[in-house]
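I opened this entry to get my bearings in a new structure. My notes follow the order in which I looked things up.

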Amino acid sequence: MNILNHVVDLCVLGAGAAGLMAGAEAARRGRTVVLLDHGPRVGRKVLISGGGRCNLTNVRISAEHYLSDNPHFCKSALAGLGTADLLERFTSRGLEFVDEDRGKLFCRQGAGAVAKVLEDSCREAGADIRLSRPVTGLKRFSSAEGGEARFVVDTPRETLACRSVLVALGGPAWPGAGASSRGLDLARELGLPVIPPRPALVPLTMGANWPFAELAGIALPVRITCGQASFQEALLFTHRGLSGPAALQVSAHAVPGQDQMGREVVVDLLPGTDLAALLADTKDRKVLLKNFLARLLPQRLAQLAMEHLLPPGLGARRVGEIGAKDLRLAAQALSAWTLAPSGTEGWAKAEVTAGGVDTRPLSSRTMECKAIPGLYFAGEVLDVTGQLGGYNLHWALASGLACGRAV
Ligand SMILES: Cc1cc2nc3c(=O)[nH]c(=O)nc-3n(C[C@H](O)[C@H](O)[C@H](O)COP(=O)(O)OP(=O)(O)OC[C@H]3O[C@@H](n4cnc5c(N)ncnc54)[C@H](O)[C@@H]3O)c2cc1C
């Protein structure tokens with residue numbers, strides 16, 4: 001069969017959130033659309049998102065919640081799909097969303113219901129979803145060879161000619177859900193620059209002899225800071241380091257490579273509490289410092305903080321007998337606990353990929369490569385990384401929609 005007799009308008013590589021959104025929109029607008037995915041089902045990352053409850057979006061979607069070498073790039077696509085507009089696409093099909101934590105909107109019916117809406121929207125619009133199709137090749141036709149076809153896509157089961165192609169293959173984070181580096185490889189093969197990918201929204205490791213390992217499972221609210229980035233979230237101690245939303249949030253800012261950490265992380269274990277003032281003002285002058293702190297922190301953490309963060313012997317002294325300078329030192333040690341993570345738990349436990357296809361060669365309105373007409377990128381494959389809180393799915397859907405509206 002001559003593939004040039006069946007030229008598809010849009011071939012979408014990857015049936016995750018970005019690909020499904022783009023495919024549905026392009027098909028709704030009358031384009032012929034084929035989606036290819038190597039998995040046995042669509043939207044596998046959507047299915048595991050938010051611990052299966054899918055934090056789809058946030059009431060505060062704006063560029064300041066995204067990290068990119070080209071920080072203004074995401075603005076246009078985000079403006080094209082606001083939170084209310086995104087939610088309406090799901091609530092109109094019976095789904096409900098709950099603000100569970102300062103603007104993070106979770107689906108009451110769960111992640112499976114979100115993935116189903118994305119898949120149904122695509123199929124109902126007439127898009128052809130083909131599963132178990134690893135994308136093995138993407139090449140450009142010269143106009144002389146291809147006629148109206150500009151690209152040829154290979155899988156082990158077919159070769160497709162298409163006018164436009166969307167690379168929505170995500171990044172290497174969380175390979176257990178089908179993630180791969182294929183999208184980044186294809187971009188490089190087509191001559192696009194790639195910002196080195198690194199695991200993000202990932203637990204931090206603290207190297208051998210992590211003195212707080214025995215606190216594994218203990219969580220508390222903290223303020224955590226890394227460079228200019230600062231978050232007030234829950235911190236979870238693990239056997240190997242730190243996890244929970246606080247550690248995940250700073251991981252994107254702290255990690256230059258998979259095995260090396262670039263920056264120190266500063267943790268305020270008592271956010272909103274002026275410990276120096278509390279100690280200076282307490283009427284209970286006879287209380288031992290360690291007992292005083294055990295009223296404010298989980299007891300085992302207070303004990304270990306005493307051993308590892310405060311000057312030796314200080315915890316066993318009565319608050320009233322400790323000089324002002326030492327009290328200030330104690331307060332400082334707990335409000336600015338400075339750590340140098342040794343690394344992260346790596347791709348296997350990273351919720352997203354930071355870095356990715358450099359956005360500078362792309363149109364921020366359409367996601368199309370300016371130098372290669374018909375070539376689009378959307379979602380996590382791009383160098384646009386959201387904070388924890390629904391920002392990454394929102395970006396995948398908004399950038400996918402921008403492409404779907406343009407092809
Ligand atoms: C555990 C976990 C929880 C998360 N929770 C949330 C959350 O609650 N809220 C939020 O906003 N974000 C969350 N995220 C992040 C979010 O899921 C992703 O950023 C988003 O799904 C990315 O969408 P995408 O379509 O760009 O890429 P993906 O969803 O990764 O889609 C890419 C698709 O390409 C396919 N593919 C890959 N390689 C090939 C190949 N060679 N050939 C063919 N197909 C291929 C994959 O099977 C996949 O279907 C979470 C991520 C993880 C891992």
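I began with burial: 55% of the 407 residues in the chain are buried. I call a residue buried under 20% relative accessible area, exposed over 50%, and partly exposed in between, with a 1.4 Å probe and protein chains only. This is a predicted model, where local features need pLDDT of at least 70, side-chain atom pairs count only at pLDDT 80 or more, and totals for chains, interfaces and linings use all residues. Residues are numbered from 1 along each chain as its sequence is written, and side-chain values use heavy atoms, with hydrogens and water left out.

Next, the overall build. I found 13 helices and 21 strands in the chain. These are DSSP runs, numbered from the N terminus: helices are H or I with at least four residues, strands are E with at least two. The C-alpha atoms fill a box of roughly 90 × 40 × 35 Å along the principal axes. The chain exposes about 17,000 Å², and carbon and sulfur atoms supply 50% of that. Such areas come from the Shrake-Rupley method with a 1.4 Å probe; for residues, only the protein chains shown count as cover.

Then I checked contacts, meaning heavy atoms within 4.5 Å. Of those between residues at least 6 apart in sequence, 72% join residues at least 24 apart.

Where does Leu 215 sit? I found Leu 215 in the loop between strand S12 (204–205) and strand S13 (219–226). Leu 215 counts as buried because its relative accessible area is 0%. Beyond neighbours within four places in sequence, Leu 215 is in contact with Phe 237, Arg 300, Leu 301 and Leu 304.

Last, the ligand. How many residues surround the ligand? I noted 32, the closest being Asp 37, Asn 55, Ser 180, Glu 380 and Leu 393. A residue is near if one of its heavy atoms lies within 4 Å. The shell divides into 13 nonpolar, 12 polar and 7 charged residues.

I looked up polar contacts too (here, pairs of N or O atoms within 3.5 Å). A backbone N or O atom of Ala 17 is 3.1 Å from a ligand oxygen atom. A polar backbone atom of His 38 lies 3.0 Å from a ligand nitrogen atom. For Asn 55, a backbone N or O atom is 2.8 Å from a nitrogen atom of the ligand. The protein covers 95% of the 1,000 Å² of accessible area that the ligand has on its own. Helix H1 (17–28), helix H2 (44–48) and helix H13 (391–406) each give two or more residues to the shell. The largest share, 4 residues, comes from H13.

Key
Polar contact = N/O pair within 3.5 Å; in protein donor to acceptor, adjacent residues only side chain to side chain. Nonpolar A, V, L, I, M, F, W, Y, C, P; charged D, E, K, R; others polar.
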